[in-house]
Structures are given as structure tokens and as C-alpha cells.
Amino acid sequence: MTAQLIDGKAIATELRLDFSKTIRDKVSQGFRRPGLAVILVGENPASRLYVRSKRQACEEVGIKSFYHELPSSVTEHALISLIHQLNENVEVDGILLQSPLPKHMNADHLFEAIQPQKDVDGFHPYNLGRLAQRRPLLRPCTPYGVMILLHHIHQKFKGCHAVVVGASNIVGRPMALELLIAGATVTVCHRFTHDLPSYIKQADILIAAAGKPHLVKGEWIKEGATVIDVGQNRLPDGTLVGDVEFETAQEKAAWITPVPGGVGPMTVAVLLRNTLIAAGY
């Protein structure tokens, strides 16, 4: 068996075309164009690259982009003041605070300063709480992007065992909630899990989101499983790889996402989707 690839880039492109048409139609009816404010703090090259790609995506679909670049020396008080200004700005429907933030800042405090209705990353406790209660509004971008990929291949959830490797607030935990809502039986593995291979071998659906290159060995994959690799790890030679040993895993899986070109484009697509929802589209 050789796994079929789940082409996140192609699916994200389809979504962007739909979003672009929706915005054109709404604007022609007299609606205001949606607005997304992006805040970048510091000089992290990866963050700068991510922000550039998100702003370009906004421009492509017709979302107005407001960009705020601040030095790493900025105080937490000043950053919160900016967030409050954006909360009050009627032209700003969504606020994206790019992480990671400088170590002297309390990230939780800053993300909570964003109005839940403008929290297009889906990180605010209000939005995570709604997800936990099966009443989602603005959903965390990467987990929901994964769900779109799974629905695209008509993945069965009820009666299936889904294993999530990684328990971060950004991916692992909300991913488990999304899978629970869909009807899967969910196991979350993390750094304290004993005998990780035994859990992975049970997975009908495997979500690898630990941020460790090739953590998941191909021989651990259950025959016919669906494998979603959220990991994006840069090796010393510059190669981008996932958390799963792709070459061996694809010989056992039925479906698998590549890295790059799998989950990454979907994260940006859901960010755009959340901005449209926040704008009332």
C-alpha cells in the first residue's frame, strides 16, 4: 500500500477562491471590506515570514490588512494599549498577535486582551471554552484546518480511534476537542506518555503535532491509517520535515499529508475564514 497524498495547498487554494468571491459579492452589496490587524513583535525571521504570507493571503482575497511591527523591547503595557485601540477600531474585525512573543511578556495575558469576537487565532479562553462545549465560534486555525482536510477525504470518525501526539494549547488540546465533536474516540499523547509506539499502532487517525522531527517512525503506523503531520521542523541543512518519517509511513497509511504543502496552507486559510466570520460575513 502506498498512501494517497492529502494536498493541503490545493484545498486551501479552493477555499481562498471561495472567500474572494464572497468578499466581492458582499462589497458589491455595500458591505465594508473585512479588516485584519497583524501585530509582529521582535525580529524572529520565521515569524516575519509567517506574517508576510498571512498579509499576502489577505490581499489576494480582498481583506484589508493593518500591520503593526514593534521592537522586542516594547513594554507589555504598550502592547496591551495597542490591542485595546484595535479592539475599538470598527474597521478591524480580527486581531492576530504573532507568536512567539519576547520572553519578558506574559503571552496568556496579551492574548486575553484581544476581544473574543476579534480573536481570529481562536486562542482566547472564551473561544476555547465554546469549543469544549461543542458550541464553536472562532476555532483555532490549525486544528480546524486539519478537520477540513479530514472531511475533504470523507474520513470516518465515529467508531474510530484518533491519537493526537502533542498537547499544546495551540494544536494538541483543541485538536482533541475537534475530534471529540466529530465522534472519534480520542487519545492524547505527550512527553510523559509511556510506550508511545503502542498508542500510535492503535490509531485509525493519527495527528502528529509534537514539533520534533521524525518522532513518529513509519513502522509504528497502523495499516490503512490516516496520518496528518502538523510538524514543521527545519533541519540544519535547511530541509523542512514533519514529525513523521514520511517515506516509511506512506507505505502503511491510506492517506497522509506531506510537509510542506499539507497542514500549513490550511492554517492560513482558516485564519481568513475566521476573519470573514468576525466581520459578520
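Student: What makes D243 buried or exposed?

Tutor: The relative accessible area of D243 is 0%. Buried means under 20%, exposed means over 50%, and partly exposed lies in between, with a 1.4 Å probe and protein chains only. D243 therefore counts as buried. This is a predicted model, where local features need pLDDT of at least 70, side-chain atom pairs count only at pLDDT 80 or more, and totals for chains, interfaces and linings use all residues. Residues are numbered from 1 along each chain as its sequence is written, and side-chain values use heavy atoms, with hydrogens and water left out.

Student: Where is D243, and which residues does D243 touch?

Tutor: D243 sits in the loop between β10 (240-241) and α9 (246-249). Helices (H or I, at least four residues) and strands (E, at least two) are DSSP runs, numbered from the N terminus. Contact means heavy atoms within 4.5 Å. Setting aside residues up to four places away in sequence, D243 touches a list of residues including A208, G211, K212, H214, D229 and N233. A210 is also on that list. D243 and A210 are 33 residues apart in sequence, with C-alpha atoms 6.8 Å apart.

Student: H214 is one of those contacts. Why is H214 called partly exposed?

Tutor: H214 has a relative accessible area of 29%, so the label is partly exposed. H214 lies in the loop between β7 and β8. Its phi is positive, about 55°, although H214 is not a glycine.

Student: What makes R134 exposed?

Tutor: Its value is 66%, so R134 is exposed. R134 is in the loop between α5 (125-132) and α6 (141-152). R134 also has a positive phi, about 65°, and is not a glycine.

Student: How do you know that E69 and R48 form a salt bridge?

Tutor: A salt bridge is a side-chain nitrogen of Lys or Arg within 4 Å of a carboxyl oxygen of Asp or Glu. For E69 and R48, the closest N and O atoms are 3.0 Å apart. The pair links distant parts of the chain: E69 is in strand β3 (residues 64-70) and R48 in helix α2, 21 residues apart. E69, at 38% relative accessible area, is partly exposed. R48, at 24%, is partly exposed too. E43, R48 and E69 are linked in a network of salt bridges.

Student: How many salt bridges are there by this rule?

Tutor: The count comes to nine. Among them is E91 with K64, whose closest N and O atoms are 3.3 Å apart. E91 is in the loop between α3 (76-88) and β4 (94-97), and K64 is in strand β3, 27 residues away. E91 has 35% relative accessible area, so E91 is partly exposed. K64 has 40% and is partly exposed.

Student: What makes K222 and D204 a salt bridge?

Tutor: Their side chains meet at 2.7 Å, N to O. K222 is in the loop between β7 (205-208) and β8 (226-229), D204 in the loop between α8 (196-200) and β7, 18 residues apart. K222 is partly exposed at 32%. D204 is partly exposed at 22%.

Student: Why is α2 called oblique to α10?

Tutor: Two packed helices are described by the angle between their axes and the distance between the axes. Helix α2 (residues 45-61) and helix α10 (residues 264-278) pack at about 55°, with axes 10 Å apart. Angles under 35 degrees count as roughly parallel, over 145 as roughly antiparallel, 65 to 115 as roughly perpendicular, and the rest as oblique. That makes α2 oblique to α10.

Student: Which residues make the contact of α2 with α10?

Tutor: K54, A57, C58 and V61 of α2 meet V268, L271 and L272 of α10. They divide into six nonpolar, no polar and one charged. Ala, Val, Leu, Ile, Met, Phe, Trp, Tyr, Cys and Pro count as nonpolar, Asp, Glu, Lys and Arg as charged, and the others, Gly among them, as polar.

Student: Which peptide bond does P260 share with V259, and where is P260?

Tutor: A cis peptide bond joins V259 and P260, with omega about 0°. P260 lies in the loop between β11 (255-256) and α10.

Definitions and conventions:
Axes fitted to C-alpha atoms, helices over the stretch in contact; angles between N-to-C directions.
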